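Visitor: I am new to this model and would like to learn how to read its features one at a time. Could you show it to me, and then take me through what to look for?

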Amino acid sequence: MKKPTELRAWLAEKVPHLAKHPDRLQVFIEKGRLASRLGSLSFEYRYELQLLFTDFTDHADTLMIPLLAWLQVNQPELLQSAERQDSAIRFEAEILDNEKTDILVTLELSERVVVTLAGGIYTATHCDEPALPDLTGPTGWSMEANGVEVVQ
């Protein structure tokens, strides 16, 4: 599994609290399972990733915004449907005092692995998430009305 390591590195870089205190993030995999079909050794990891941020002293937004940015690229289907949005990203917090909070974030993640056989050797390839279509519209364009530029 590569997503837990990649997410840890992303958060360590983007979350100011973790940049100062990288040891205050613990990562756990819960309820892991494999999904596969008969006739193929390719499979999908499916699991709950738990991120425990201890003695967190910054505002929770400084954690949640980078987390959502990572999910948009690495697990976008969590953000695409109302059904998934309501349950795939969960958190709990224990307020320790006026300055510190322990925050537990739970994410439902998956990773596709394609297994091929060539020359008697099995090779496992971890697939990136498919790119989402650009829904923001074209860039580098302008609009004119009656010969006058309106939007750029």
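Visitor: Which residues are linked in a network of salt bridges?

Guide: In general, side chains of opposite charge can pair when their charged atoms come close. In this structure Glu48, Arg90 and Glu108 are joined in a network of salt bridges, a salt bridge being a side-chain nitrogen of Lys or Arg within 4 Å of a carboxyl oxygen of Asp or Glu. Please keep in mind that this is a predicted model, in which local features need pLDDT of at least 70 and side-chain atom pairs count only at pLDDT 80 or more, while totals for chains, interfaces and linings use all residues. Residues are numbered from 1 along each chain as its sequence is written, and side-chain values use heavy atoms, with hydrogens and water left out.

Visitor: How far apart are the closest N and O atoms of Arg90 and Glu48, and which strands do these residues lie in?

Guide: The closest N and O atoms of Arg90 and Glu48 are 3.2 Å apart. Helices (H or I, at least four residues) and strands (E, at least two) are DSSP runs, numbered from the N terminus.

Visitor: Is Glu48 buried or exposed?

Guide: Glu48 is buried, at a relative accessible area of 12%, whereas Arg90 is partly exposed at 29%. The terms are set by relative accessible area: buried is under 20%, exposed is over 50%, and partly exposed is in between (1.4 Å probe, protein chains only).

Visitor: How many salt bridges does the structure hold, and which residue pairs with Lys2?

Guide: The structure holds 7 salt bridges, and in one of them the side chain of Lys2 meets that of Asp128, with N and O 3.0 Å apart. This pair links distant parts of the chain, 126 residues apart, since Lys2 sits in the segment before helix H1 (3-14) and Asp128 in the loop between strand E5 (121-126) and strand E6 (143-145). Lys2 is partly exposed, with a relative accessible area of 24%, while Asp128 counts as exposed at 58%. Asp97 also forms a salt bridge, with Lys100, where the closest N and O atoms are 3.9 Å apart; Asp97 is partly exposed at 35% relative accessibility, and Lys100 is partly exposed at 30%.

Visitor: What is the nearest side chain of opposite charge to Glu111, and how far away is it?

Guide: For charge, Lys and Arg count as positive and Asp and Glu as negative, with His and the chain ends not counted. Glu111, which is found in strand E4 (residues 101-118), is buried yet has no salt bridge, and the nearest side chain of opposite charge is that of Lys3, 6.0 Å away.

Visitor: What polar atoms, then, lie by the side chain of Glu111?

Guide: The side chains of Glu111 and Tyr47 are joined by a polar contact of 2.5 Å, and the backbone nitrogen of Lys3 lies 3.1 Å from a polar atom of the Glu111 side chain. A polar contact is a pair of N or O atoms within 3.5 Å; within protein, one must be able to donate a hydrogen and the other to accept it, and residues adjacent in sequence count only if both atoms are side-chain atoms. Leaving aside residues up to four places away in sequence, Glu111 touches several others, including Met1, Pro4, Phe43, Tyr45 and His126, a contact meaning heavy atoms within 4.5 Å.

Visitor: What is the pattern of the protein along the sequence?

Guide: The secondary structure comes to 4 helices and 7 strands, and read along the sequence the pattern is α-α-β-β-α-α-β-β-β-β-β. Buried residues make up 28% of the 152 residues. Among contacts between residues at least 6 apart in sequence, 57% join residues at least 24 apart.

Visitor: Where in this structure does phi take a positive value in a residue other than glycine?

Guide: Lys31 has a phi near 50 degrees, a positive value in a residue other than glycine, and Asp55 likewise has a positive phi near 50 degrees.
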